[in-house]
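Student: Can we go through this one together? I'd like to start with the pockets and then look at the backbone.

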Amino acid sequence: MKKIVVLVSGNGSNLQSIIDACQQNRINGHISAVFSNNADAYGLQRAEQAGISAHFLDPKAYADRISYDIALLKAIDQYEPDLVVLAGYMRILSPDFVQHYQGRLLNIHPSLLPKYPGLHTHRKAIENGDKEHGTSIHFVTEELDGGPVILQAKVPIFEGDEEEDVISRIQTQEHTIYPLVIGWFLNGRLVMEGNTALIDGKVLPPQGYASE
């Protein structure tokens, strides 16, 4: 069975959706370990409750981002993962880390990329008067939130919406599409070639599979 390692920094609701999908055999694989840069991340508790190895790696114990990422990489590699999944992991990864897992490193970002890379995406969408917002799953490259998009989900923004309303709408979609994409990858349907995502041998468009 294929092995997944998940990186989290906070609540871990997407982690939970992946745990559930594995337990329900919707993903042909299992989570071998969960790592976090935050000792208080609830995602670590979710892992422990599911009987998954949970690890906190303290950034303060390392001189810089590169040395931290080297230690993280070595710890992850002990589990020999087929796929590394970022699920609300709030650290920018060093180029060496990204290159080491090139083509088997996924992230989910709460915007319709390439719109709103980085932080505070929901707030930006509301402040700019956008009528729709969304979430994107992409392969990770050295460009922040710039890797090839695999799948997006769109949600409406209604007049009077608060940030929490939009977040809730988006997370509902994320919990469906992230396990789906992970399943595609572990079944061999999804690959990254160069800076392009392919599913079943077909190149995906810039906004990913079934963008419309």
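**Pocket and backbone**

Tutor: Aspartate 145 sits in the loop between strand S6 (132-139) and strand S7 (149-156). Keep in mind that this is a predicted model.

Student: What is phi of aspartate 145 near?

Tutor: Its phi is near 55°, a positive value in a residue other than glycine. Most residues other than glycine have a negative phi.

Student: Buried or exposed, aspartate 145?

Tutor: Aspartate 145 counts as buried because its relative accessibility is 14%, and the cut-off for buried is under 20%.

Student: And histidine 120, which loop is that in?

Tutor: Histidine 120 is in the loop between S5 and H5. Histidine 120 also has a positive phi, about 60°, although it is not a glycine. With 43% relative accessibility, histidine 120 counts as partly exposed.

Student: Which peptide bond is cis?

Tutor: The one from leucine 113 to proline 114, with omega near 15°. Proline 114 is found in the loop between S5 and H5.

Student: How do the lining residues of the largest pocket divide by type?

Tutor: Into 15 nonpolar, 17 polar and six charged.

How values were computed
Residues are numbered from 1 along each chain as its sequence is written. This is a predicted model: local features need pLDDT of at least 70, side-chain atom pairs count only at pLDDT 80 or more; totals for chains, interfaces and linings use all residues. Side-chain values use heavy atoms; hydrogens and water are left out. Ala, Val, Leu, Ile, Met, Phe, Trp, Tyr, Cys and Pro count as nonpolar, Asp, Glu, Lys and Arg as charged, and the others, Gly among them, as polar. Helices (H or I, at least four residues) and strands (E, at least two) are DSSP runs, numbered from the N terminus. Buried means under 20% relative accessible area, exposed over 50%, partly exposed in between (1.4 Å probe, protein chains only).
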